[in-house]
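Trainee: I would like to learn how to read helix packing and chain-level numbers. Could you take me through an example?

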Amino acid sequence: MAAKRFPIEAGHIMMFARSVGDDNKVYYDEDYAKTTEARGIIAPPTFPQSSAQFDPDYFLRPKVGQPWFGSGKNPTGIQRASGGGGGGGGGGGGGLHAEQHFEYHRHIRPGDVLTATVKPGKTWEKEGRRSGKLIFSESITEYRDQNGELVITARGVGVRTERPVDQPAASKSEKAEA
Amino acid sequence: MALKASQLTVGETHTARIVEDLKRTQIVQYAGASGDYNPLHTDEVFTTKVAGYPSVFAHGMLTMGMTGKMLTDYVGDARLTKYGVRFTSQVWPGDTLEATATVKAVNGDLVELDVSTRNQDGVEVLSGYAEARVDP
């Protein structure tokens, strides 16, 4: 489950930078970017996460002809047994992102074509005050460029919770029935 | 406009407001750009009725991305060598976030930073570190 081919594209970088509220011209203006230390457009630091777009199996993207757990006619497009938290990373007590780490061996730019390889890391458990038992699992993604050079090492930690994370009292009263 | 090791003091900070009154539309933008279409972030019906949260909430990676702007504005383009975070609390539509980098150490041509992002109530939503190349 990883992007075998992650082409770094200028338009994608521009949209990504906009989405994180970053108007630095080094992410979209080639003429300006050439005058900077980056000597051309580069990707913002968290851009590697968008390799999900190029992962054919990425489970948090609706796929043609397959059920999707978001709402349509009904609040969810997937029937599931009650109490069976999880599902596609959401659901009552599903997976959340706990940690993310990047090491930049060099900064990526349009024209690079990366390959991601994912290795599982550690798994551990913790008792949480606000959401019951927490199960953490780590994965390490290595991004290599078209020359086989390691450019970015990413380490993500996901957490699955027994139930949705409790909210402070103020917002809890608005909470819909699970 | 890179940082200079000779001018950095351990403990000095750089703070920036990275979002004011976070809009659901920005979360939608992030979903579209990143490819993470988890309905928990954009689908109010699913999130309240099925998942049991009071509202949609931001991707942790959106908070990390917005915090990244504070960092790259501070250390300069193409200077980051490491950036890692833990997501310590959820970020909701309407939140206003401030991100802070604190100089932890200067080692030769590298600066180590502590990174923290807090919401309008002072609750830390992201806690982490970064490392960047600096000039002498």
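Mentor: Let's start with a contact, which means heavy atoms within 4.5 Å. In α1(B), Gln26(B), Ile27(B) and Tyr30(B) meet Met61(B), Leu62(B) and Met66(B) of α3(B). This is a predicted model, where local features need pLDDT of at least 70, side-chain atom pairs count only at pLDDT 80 or more, and totals for chains, interfaces and linings use all residues. Residues are numbered from 1 along each chain as its sequence is written, chains are lettered from A and ligands numbered from 1 in the order in which they are written, and side-chain values use heavy atoms, with hydrogens and water left out.

Trainee: What describes two packed helices?

Mentor: The angle between their axes and the distance between the axes. Axes are lines fitted to C-alpha atoms, for helices over the stretch in contact, and angles run from 0 to 180 degrees between N-to-C directions. Helices are DSSP runs (H or I, at least four residues), as are strands (E, at least two), numbered from the N terminus. For α1(B) and helix α3 (residues 60–75) of chain B, the angle is about 95° and the axes are 10 Å apart. That makes α1(B) roughly perpendicular to α3(B) (65 to 115 degrees; under 35 is roughly parallel, over 145 roughly antiparallel, the rest oblique).

Trainee: At what angle do α1 of chain A and α1 of chain B cross?

Mentor: Helix α1 (residues 10–19) of chain A and helix α1 (residues 24–34) of chain B cross at roughly 150°, and their axes come within 8 Å. That makes α1(A) roughly antiparallel to α1(B). Among the residues making this contact are Met15(A) and Phe16(A) from α1(A), with Tyr30(B) and Ala33(B) from α1(B). By class, this contact has 4 nonpolar, 5 polar and 1 charged residues.

Trainee: How many helices and strands does chain B have?

Mentor: Chain B has 3 helices and 5 strands, in the order β-α-α-α-β-β-β-β from the N terminus on.

Trainee: What share of the residues in chain B is buried?

Mentor: Buried means under 20% relative accessible area, with a 1.4 Å probe and protein chains only (exposed is over 50%, partly exposed in between). In chain B, 61% of the 136 residues are buried.

Methods. Ala, Val, Leu, Ile, Met, Phe, Trp, Tyr, Cys and Pro count as nonpolar, Asp, Glu, Lys and Arg as charged, and the others, Gly among them, as polar.
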